Amino acid sequence: MRPTAEHVRAAVLDMLASDLKDARVLDLFAGTGALGLEAMSRGAKYCDFVENRPSSLHSLKANVVRCQLQKKSRVFKKDALPFAGALAENTYDLAFCDPP
């Protein structure tokens with residue numbers, strides 16, 4: 001597992017600050033969910049996480065519970081590329097894609 005460095009994550013979300021309020025967020029290749037969880041802590045309405053590695057899924061689900069965001073998020077055990085390819089237009093306001 002290679003999580004996004006904290007300073008990189010903070011810089012990206014700082015740049016997107018004005019777009020986060022009430023945003024519908026998608027976190028592809030979610031890993032531990034750090035990008036989507038931080039987006040929600042900065043005002044996003046909800047986040048869907050897409051991850052298929054068992055070890056990452058375990059951490060991701062635990063982090064969602066730890067942050068008490070079960071009602072504002074969904075976790076999909078899917079391959080990120082086919083998942084994204086099947087989306088309808090305007091399903092999300094922001095999408096993070098940080099593949100391993």
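Arg 9, Asp 14, Glu 38 and Arg 42 are linked in a network of salt bridges, a salt bridge being a side-chain nitrogen of Lys or Arg within 4 Å of a carboxyl oxygen of Asp or Glu. The model is predicted, with local features requiring pLDDT of at least 70 and side-chain atom pairs counted only at pLDDT 80 or more, whereas totals for chains, interfaces and linings use all residues. Residues are numbered from 1 along each chain as its sequence is written, and side-chain values use heavy atoms, leaving out hydrogens and water.

By the salt-bridge rule the count comes to seven. Between Arg 42 and Asp 14 the closest N and O atoms are 2.7 Å apart. Arg 42 lies in the loop between H3 and E2 and Asp 14 in helix H1 (residues 6-15), so this pair ties together parts that are 28 residues apart in sequence. Helices (H or I, at least four residues) and strands (E, at least two) are DSSP runs, numbered from the N terminus. A salt bridge also joins the side chains of Arg 24 and Asp 93 (2.8 Å, N to O). This pair links strand E1 with the loop between helix H5 (80-85) and E4, 69 residues apart. Arg 24 is partly exposed at 25% relative accessible area, as is Asp 93 at 42%; buried means under 20%, exposed over 50% and partly exposed in between (1.4 Å probe, protein chains only). In the salt bridge of Arg 53 with Glu 51 the closest N and O atoms are 3.2 Å apart. Arg 53 is partly exposed at 28%, whereas Glu 51 is buried at 4%.

Four strands form an open sheet in the order E3-E2-E1-E4, with parallel pairing (two strands pair if DSSP finds at least two bridges between them). The edge strands, E3 (73-77) and E4, each pair on one side only. E2 and E3 are joined by five bridges, and Asp 48 stands opposite Arg 74 in E3.

Phe 83 is buried at 15% relative accessibility.
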